[in-house]
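Work through the exercises below with the sequence and the model side by side. Try each task before reading its solution.

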Amino acid sequence: SSTTLGAVQRARVPLLAAMAVAAALQLALVDFWPRFPSPNERVRAYQALAVVHRGELGIGTELERFGPIEDVSAFAGRLFPNKAPGLLPLVVPAAAVAHLLEHGDDERELALTLDLGSLLASGLPFLLTALLLVRLARPGGEAPSRFVAVALLIATPALTASLLLFSHALTASL
């Protein structure tokens, strides 16, 4: 009935509003600390760029190209990130786009890889998880399920982690 449909729509308004706020923050706050060269993020971008440029996982060339950074390990005479490569499949498309758009400008290519990589590898999984919670929330009842969805979207560290190229956002979403 139209009364039931109206109740369902009214129940989802807070959830959808919270999701809109979270999505807007994703876009507005990408690269929130642009002057801080985070080793955690940069080594992931270095490795994605290595895959795009040379089809390899070693980042020795990127360290020479973009500058030294912490969070690097040596193995068999080559340098690699000391991070698990779980985010790599989500960051490589960002590096490919950055390479196409900014090839020849090292700093802009790296910055775009970091920004797009953060959105793809951290922001998108967070928003998809939030969307799943919104879809699972029972409209017209079960206030706790709506509360959990809104809390994830705007009141937990998950939002903050989703703004960075850290594995924490993907891990929380999974």
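Two definitions come first. An axis is a line fitted to C-alpha atoms, for helices over the stretch in contact, and angles run from 0 to 180 degrees between N-to-C directions. Helices (H or I, at least four residues) and strands (E, at least two) are DSSP runs, numbered from the N terminus.

This is a predicted model: local features need pLDDT of at least 70, side-chain atom pairs count only at pLDDT 80 or more, and totals for chains, interfaces and linings use all residues. Residues are numbered from 1 along each chain as its sequence is written, and side-chain values use heavy atoms, with hydrogens and water left out.

**Exercise 1. Describe how helices α2 and α4 cross.**

Step 1. Locate them: α2 covers residues 39–54 and α4 covers residues 88–102.
Step 2. Take the axes. They come within 8 Å and cross at roughly 65 degrees.
Step 3. Classify the angle. Under 35 degrees counts as roughly parallel, over 145 as roughly antiparallel, 65 to 115 as roughly perpendicular and the rest as oblique. α2 and α4 are therefore roughly perpendicular to each other.
Step 4. Find the hand. A crossing is left-handed if the near helix is turned anticlockwise from the far one by less than a right angle, and right-handed if clockwise. The crossing of α2 and α4 is right-handed.
Step 5. List the contact (heavy atoms within 4.5 Å). α2 brings Arg44, Gln47, Ala48, Leu49, Val51, Val52 and His53, while α4 brings Leu88, Val91, Val92, Ala95, Ala96 and His99.
Step 6. Sort by class. Ala, Val, Leu, Ile, Met, Phe, Trp, Tyr, Cys and Pro count as nonpolar, Asp, Glu, Lys and Arg as charged, and the others, Gly among them, as polar. The α2 contact with α4 has nine nonpolar, three polar and one charged residues.

**Exercise 2. In what order do the elements of the chain run?**

Step 1. Count: eight helices and two strands.
Step 2. Read from the N terminus: α-α-α-β-β-α-α-α-α-α.

**Exercise 3. Where do aspartate 71 and alanine 76 lie, and what is the phi of each?**

Step 1. Recall the background. Most residues other than glycine have a negative phi.
Step 2. Aspartate 71 has a positive phi of about 65 degrees. It lies in the loop between α3 (60–66) and β1 (72–75).
Step 3. Alanine 76 also has a positive phi, about 55 degrees. It sits in the loop between β1 and β2 (78–81).
Step 4. Check exposure. Buried means under 20% relative accessible area, exposed over 50%, partly exposed in between (1.4 Å probe, protein chains only). At 70% relative accessibility, alanine 76 counts as exposed.

**Exercise 4. Is serine 162 buried or exposed?**

Step 1. Serine 162 is in the loop between α7 (157–161) and α8 (167–173).
Step 2. Its relative accessibility is 0%, so serine 162 counts as buried.
Step 3. Serine 162 and leucine 120 are 42 residues apart in sequence and 9.8 Å apart in space, C-alpha to C-alpha.
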